[in-house]
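Me: I am new to this structure. Please show it to me, and then I will ask about its parts.

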Amino acid sequence: MHDIRALRADPAAYDAAWALRGLPPQTPAILEIDRKLRAAQTALQEAQGRRNEASKLIGQAKGRKDEAEAQRLMVEVEALKGAMTAHGEAEKSLGAELDALLAALPNLPADDVPVGEDEHGNVEQRRWGHAPLIANPKDHVALGEGMGLMDFEAAARTSGARFVFLKGELARLERALGAFMLDIQTREHAYLEVSPPLLVRDEAVFGTGQLPKFAEDLFRTTDGRWLIPTAEVSLTNLVLGQIVDEAELPMRLTALTPCFRSEAGASGRDTRGMIRQHQFYKVELVSITAPEQSQAEHERMTECAEKVLKRLELPFRTMLLCTGDMGFGARKTYDLEVWMPSQGVYREISSCSNCGDFQARRMDARCKTAGEKGTRHVHTLNGSGLAVGRTLVAVLENYQDEGGRISIPQALQPYMGGLTHIGGGT
């Protein structure tokens, strides 16, 4: 959501920023509606003032026994009531129209975000690890199905496409990865573990920016609730409508939850395997900060996500996304991309974003310094620490041998009961 007062003050800056995200000028239409809205508000206030004045004059006229003047004033008051109703309806309609326009527009990119149209404009920041030398690497589907521990056909019979049954040691590996990630973030990085609701109301999904623009990407229940596409929604909305003491910030939260996405915009993409599914597990990282803290917190959050990949010894690179590839609510985003041997490319496994006050304005989430007047909107950040399913895929592919056996990363072995391999032997 955007501050209409700031937009009035410098509309050219907003249009220039939105142009970097591929949008034509937006402010002329916004400012015209805003002008009409303020005119309706002024007319309403003037009508209310005149009605109050005329009501007093009626009493004075009756006190003088001037019935003709009293009658004239009563007719005027009735007309003013009608005008007030019309102005009030115009105010409500124009306010809703203005809010809808502002709610549909993406966040403004930070000054240091590279300009680009799509992923080809992203800029590599750093790279860690070396791709393993594997002769004829198999993809995770061939590996999982070859061990009899990954079943897409059964999932399709029960749920349709983009689901999977994981069995035995692969199911345990998925559970181990989630626990391992949570332990790193809570024990080493001071994130507070939260077990949040998986179903949320409209206000929550609007607050983090999924509504109204991305409703088709979500699953909705028959009673009007939404299945979370990420725990970012639940965790960030802990401050929905709240005023937080700045002394309590930054607030760092993490959760391991199922996530649910319709993938409406991903038709034909990654149809094979576990890369893009309707249901998956993810460890989410969320930070609520004072405005001056968010830039440093963004770097810290990205490093917290990178730590998981380093501990698992999975090769990855960190990319700074360009203006044309960032998410709707982000001011600045780093993507972590892990090496996938079967494809010979790096694939996204985490996205860490600084949203500035964009979400906070939608949620009306503020902070206040004790003893000082006034409040400020907080800044919100979110990141994957990591997507569990994609991490499982990366482990399978990077730790395979030529016979299809999978070595368990040393960091995960305590979570696997000491198991060192999947697919034969220990």
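This is a predicted model: local features need pLDDT of at least 70, side-chain atom pairs count only at pLDDT 80 or more; totals for chains, interfaces and linings use all residues.

Me: Which residues of helix H2 are buried?

Reply: Helices (H or I, at least four residues) and strands (E, at least two) are DSSP runs, numbered from the N terminus. Buried means under 20% relative accessible area, exposed over 50%, and partly exposed in between (1.4 Å probe, protein chains only). H2 spans residues 11-19, and its buried residues are Tyr14, Asp15, Ala17 and Trp18.

Me: Why are they on the same side of H2, and what do the buried residues pack against?

Reply: They cover an arc of only 160° around the axis, so they lie on the same side of H2. The arc is that of the directions from the helix axis to the C-beta atoms. Contact means heavy atoms within 4.5 Å. The buried residues of H2 pack against helix H1 (4-9) and helix H3 (27-63).

Me: How do H3 and H4 run, roughly parallel or roughly antiparallel?

Reply: Axes are lines fitted to C-alpha atoms, for helices over the stretch in contact, and angles run from 0 to 180 degrees between N-to-C directions. The axes of H3 and helix H4 (residues 67-103) come within 7 Å and cross at roughly 160°. Angles under 35 degrees count as roughly parallel, over 145 as roughly antiparallel, 65 to 115 as roughly perpendicular and the rest as oblique. H3 and H4 are therefore roughly antiparallel.

Me: Which residues are exposed on the face of H6 turned away from its buried side?

Reply: In helix H6 (residues 152-159), Phe152, Ala154 and Ala155 are buried. These cover an arc of only 160° around the axis, so they share one side of H6. They pack against helix H5 (140-146), strand E2 (150-151) and strand E3 (165-166). The face turned away carries the exposed residues Glu153 and Arg157.

Me: At roughly what angle do H7 and H10 cross?

Reply: Phe180 and Met181 are among the H7 residues that meet H10, where Cys304 and Ala305 are among the partners. H7 covers residues 168-188 and H10 covers 294-311, and their axes come within 10 Å. The two are oblique to each other, crossing at roughly 130°.

Me: How many nonpolar residues are in the contact of H7 with H12?

Reply: H7 and helix H12 (residues 388-398) pack at about 115°, with axes 10 Å apart. Leu170 and Leu173 are among the H7 residues that meet H12, whose partners include Val388 and Thr391. Ala, Val, Leu, Ile, Met, Phe, Trp, Tyr, Cys and Pro count as nonpolar, Asp, Glu, Lys and Arg as charged, and the others, Gly among them, as polar. The contact has 2 polar residues, 1 charged and, as asked, 8 nonpolar.

Technical notes. Residues are numbered from 1 along each chain as its sequence is written. Side-chain values use heavy atoms; hydrogens and water are left out.
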